[in-house]
Amino acid sequence: MMEEEKSLLGEVASDAYDASDRPFDFLETGGETALICEPDTSIREKISNAVKILGYRVTESTSARDALKRMRFHVYDLVVLNENFDTEDADSNNVLNYLKSLSMSIRRQIFVALVSDRFRTMDNMAAFNRSVNIVINPESIADIGPIIERGTNDSRAFYHVFREILREKGRV
């Protein structure tokens with residue numbers, strides 16, 4: 001399983017440049033983007049609609065390969081990822097492993113919401129353990145908009161001073 005994961009990440013990283021992999025070249029400054037990685041079409045639609053209402057420009061991905069290709073050229077502001085997205089084993093999710101491997105300066109820019117039936121919604125210890133910002137149980141999908149809004153607001157408030165200091169030092 002580990003060899004398959006390395007080969008997928010390597011394959012996506014070594015693919016030739018394709019302009020179609022860059023869906024947000026036209027975005028004006030300040031436009032927030034979201035990537036939805038959910039295998040169930042009805043749940044994906046609910047998530048997508050809720051995230052659009054929050055003002056994000058949404059891209060829906062249908063496979064780990066597609067999601068990784070999209071993240072190759074664009075740092076999404078929000079990633080909503082089902083832990084079983086395009087995998088048999090939730091603990092070896094290629095998209096989540098890619099997000100974990102990002103440098104902290106990049107990863108800190110992305111708010112990751114993990115959809116998981118193994119944990120309670122907003123279980124902070126589970127979120128910490130899985131290296132995501134928030135966990136959302138599928139039973140709470142009807143309330144995903146307010147959950148993500150609260151989580152992103154908490155994250156912005158938490159990192160506000162840190163980001164200000166980085167700006168002052170010219171590191172952002």
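This is a predicted model: local features need pLDDT of at least 70, side-chain atom pairs count only at pLDDT 80 or more; totals for chains, interfaces and linings use all residues.

Me: In what order do the 5 strands of the open sheet come?

Reply: Strands of a sheet pair through backbone hydrogen bonds, either parallel or antiparallel. Here the open sheet has the order 2-1-3-4-5, and the pairing is parallel. Strand 2 (57-61) and strand 5 are the edge strands, since each of them pairs on one side only. From one strand to the next, the twist averages 20°.

Me: How many bridges join strand 1 to strand 2?

Reply: These two strands run parallel and are joined by 5 bridges, and within this pairing L35 has T59 of strand 2 as its bridge partner. Elsewhere in the sheet, V115 stands opposite I136 in strand 5.

Me: Which residues lie on each side of strand 1?

Reply: In a regular strand the side chains alternate between the two faces of the sheet. In strand 1, T33, L35 and C37 are on one side and A34 and I36 on the other, and every one of them is buried, so that both faces are covered (buried means under 20% relative accessible area, exposed over 50%, and partly exposed in between, with a 1.4 Å probe and protein chains only). Because 5 of the 5 residues of strand 1 are buried, the strand is largely enclosed by the rest of the structure.

Me: Is L81 buried or exposed?

Reply: L81, which lies in strand 3 (residues 78-82), has a relative accessible area of 0% and is therefore buried. Apart from its neighbours within four places in sequence, L81 is in contact with C37, N93, V95, L96, A113, L114 and V115 (contact means heavy atoms within 4.5 Å). L81 and I36 are 45 residues apart in sequence, yet their C-alpha atoms are 6.3 Å apart in space.

**Helices**

Me: At what angle do the axes of helix 2 and helix 7 cross?

Reply: Two packed helices are described by the angle between their axes and the distance between the axes. The axes of helix 2 (residues 41-53) and helix 7 (residues 144-168) come within 9 Å and cross at roughly 50° (axes are lines fitted to C-alpha atoms, for helices over the stretch in contact, and angles run from 0 to 180 degrees between N-to-C directions). The two helices are therefore oblique to each other (under 35 degrees counts as roughly parallel, over 145 as roughly antiparallel, 65 to 115 as roughly perpendicular and the rest as oblique). K46, I47, A50 and V51 in helix 2 meet I144, G145 and I148 in helix 7.

Me: Which strands does helix 2 lie across?

Reply: Helix 2 lies across strand 1 (33-37), strand 2, strand 3 and strand 4, and it runs at about 165° to strand 2. Helix 7 also packs on the sheet, where it touches strand 3, strand 4 and strand 5, and its direction makes about 170° with that of strand 5.

Me: Where do the axes of helix 3 and helix 4 stand in comparison, and at what angle do they cross?

Reply: The axes of helix 3 (residues 64-73) and helix 4 (residues 94-101) come within 9 Å and cross at roughly 25°, which makes helix 3 roughly parallel to helix 4. In this contact, A64, A67, L68 and M71 of helix 3 meet N94, V95, Y98 and L99 of helix 4.

**Loops and the whole chain**

Me: Which value of phi does M122 have?

Reply: M122 is not a glycine, and yet its phi is positive, at about 65°; the residue is placed in the loop between strand 4 (111-115) and helix 6 (124-129). S131 is likewise a residue other than glycine with a positive phi, near 60°, and it is found in the loop between helix 6 and strand 5 (134-136).

Me: How many helices and strands does the chain have?

Reply: The secondary structure comes to 7 helices and 5 strands, and of the 172 residues of the chain, 42% count as buried.

Terms used. Residues are numbered from 1 along each chain as its sequence is written. Side-chain values use heavy atoms; hydrogens and water are left out. Helices (H or I, at least four residues) and strands (E, at least two) are DSSP runs, numbered from the N terminus. Two strands pair if DSSP finds at least two bridges between them.
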